Amino acid sequence: MRRRVSIFGATGSIGQSTLDLIGREPDRYEVVALTGASNIVRLAEDAIRLRAEVAVTADEDRLQDLRDALSGTGIEAAAGQGALIEAADRPTDWVMSGIVGFAGLAPGLRALRHGGTLALANKESLVCAGPILLAEARRHGATVLPVDSEHSALFQALVGERMDTVEKVIITGSGGGLRDWPLDRLASATPEEAGTHPNWDMGQRITIDSATMFNKAMELIEAHELFDLPSDRIETVIHPQSLIHALVQYSDGALMAHMGTTDMRHAIGYALNWPDRRHLPVERLDLPRIGRLDFRAPDPARYPAIDLAWRVIETGGLSGTAFNAAKEMALDLFIGRSIRFTDMAPLVARTMDALESRLEADAITLDMVRDMDARARETARRLGEQAMAT
Ligand code: NDP
Ligand code: MG
């Protein structure tokens with residue numbers, strides 16, 4: 001029996017790496033849905049090559065383009081948010097949640113209803129609505145497997161261990177493309193400069209989030225949600241080579257580290273083959289050639305985003321949603337050259353301050369998350385524009 005798989009965000013960096021692995025073993029997989037947004041050509045080509053049932057673009061205005069690209073192939077074409085949910089409703093055994101941003105939450109949540117496996121690259125789902133996502137998975141007997149490389153590494157280092165023997169988990173970060181810039185030059189960094197990563201080849205947004213370490217801040221929150229750990233048992237350390245992805249420190253002092261090349265096919269392949277391991281076409285590490293591994297603590301003055309992660313973990317409720325929405329808006333403003341690189345973290349902090357009284361909540365629902373997402377975006381945009389005007 002071939003496994004029925006869908007890939008949300010198929011045209012992106014994670015999606016393409018996933019299709020690379022699936023495309024190598026056509027007899028193992030039956031591709032149900034592939035989704036994208038703006039890249040219609042790639043979406044259609046991949047849908048044809050992998051004989052998908054349906055191809056969906058999130059952009060309603062591109063439906064006709066997609067129909068034209070798929071005409072005569074027998075592959076269905078669909079567009080818009082409703083079509084993404086309809087695609088997630090099609091029965092599957094394994095789904096890649098590889099859409100970028102808050103938009104990835106709803107399709108991923110829906111796909112859990114089949115009780116299969118959700119391979120979760122979309123970290124925003126956990127940051128904005130971790131408790132909702134994990135409760136929905138439990139309700140349907142579905143499995144959520146981390147795809148973020150650090151969390152996949154932790155997951156692997158935890159196999160066969162008891163959580164009460166875990167003293168702390170440590171996730172590494174490269175420090176991003178501007179790691180060695182003098183602090184006083186950071187304000188002048190352009191989106192192009194911040195969008196270049198020393199080690200990983202990723203989408204533009206996550207690459208800029210690496211330079212601010214907003215990505216690491218998201219990952220600290222993600223680790224808190226996934227492994228149910230308090231903030232004092234989660235740490236981050238800068239490791240410029242990005243070869244150790246994460247470590248678990250146990251009660252006997254042992255540190256279990258996960259190493260691998262900077263190739264997301266590693267974590268994707270682990271989630272695809274779990275609980276087995278199968279051969280993966282990734283480069284092997286040559287330790288003598290690597291020679292050394294470096295570590296240092298992140299400087300809070302360079303990476304103010306990290307402190308915001310602790311604030312989110314301690315506040316809980318809707319603070320992750322507000323944090324993520326404000327961060328997405330700050331990133332839009334930076335990419336649009338409306339604010340500076342160093343304005344992003346203060347803008348997120350000010351948005352959270354403005355919404356402070358609304359952030360705490362004992363139990364959150366999807367409607368509350370949607371409402372807070374919209375409210376925080378609006379607040380961040382307003383504060384960002386005010387700052388530009390002064
Ligand atoms: P990309 O920007 O490369 O790809 C994003 C995907 O989402 C594309 O398929 C894009 O379509 C689609 N998309 C964009 N906007 C929307 C929308 N509003 N609705 C539906 N689909 C949309 O991102 P990445 O692959 O880098 O990242 C995907 C997720 O994985 C993110 O959450 C990221 O944080 C996470 N991640 C990524 C890693 C990496 O190495 N890249 C590592 C760890 C986690 P199109 O391109 O056609 O417009
Ligand atoms: Mg990561």
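Me: Which helices each supply at least two residues of the shell around ligand 1?

Reply: Helices (H or I, at least four residues) and strands (E, at least two) are DSSP runs, numbered from the N terminus. Here α1 (13-23), α6 (123-139) and α9 (204-212) each supply at least two residues of that shell, and α1 gives the most, with three residues. This is a predicted model, in which local features need pLDDT of at least 70 and side-chain atom pairs count only at pLDDT 80 or more, while totals for chains, interfaces and linings use all residues. Residues are numbered from 1 along each chain as its sequence is written, and chains are lettered from A and ligands numbered from 1 in the order in which they are written.

Me: How many residues surround ligand 1, and which are the closest?

Reply: A residue is near a molecule if its C-beta atom, placed from the backbone, lies within 6 Å of it. Ligand 1 is surrounded by 28 residues, the closest being Gly 12, Gly 36, Ala 37, Ala 58 and Gly 203.

Me: Where does UniProt place the feature "binding site"?

Reply: UniProt positions are given in the numbering used here, with shortened feature names, and annotations may be inferred rather than shown by experiment. The unreviewed UniProt entry places this feature at Asp 148, Glu 150 and Glu 219. These residues span 72 residues in sequence, yet no two of their C-alpha atoms are more than 8.2 Å apart, so they gather at one spot.

Me: Is Glu 150 buried or exposed?

Reply: A residue is buried if 20 or more other C-beta atoms lie within 10 Å of its own, exposed if 12 or fewer, and partly exposed in between, with C-beta atoms placed from the backbone. Glu 150 is buried because 27 other C-beta atoms lie within 10 Å. Its place is in helix α7 (residues 149-157).

Me: Which residues does Glu 219 touch, not counting residues up to four places away in sequence?

Reply: Two residues are in contact if their C-beta atoms, placed from the backbone, lie within 7 Å. Glu 219 touches Lys 123, Asp 148, Glu 150 and Ile 171 on that count. Glu 219 is in helix α10 and counts as buried, with 29 C-beta neighbours inside 10 Å. Of the 14 residues of α10, 13 are buried.

Me: What follows just after α10?

Reply: Asp 228 takes a positive phi of about 55° there. Asp 228 lies in the loop between α10 and β9 (234-238), and Asp 228 is exposed, with 11 other C-beta atoms within 10 Å.
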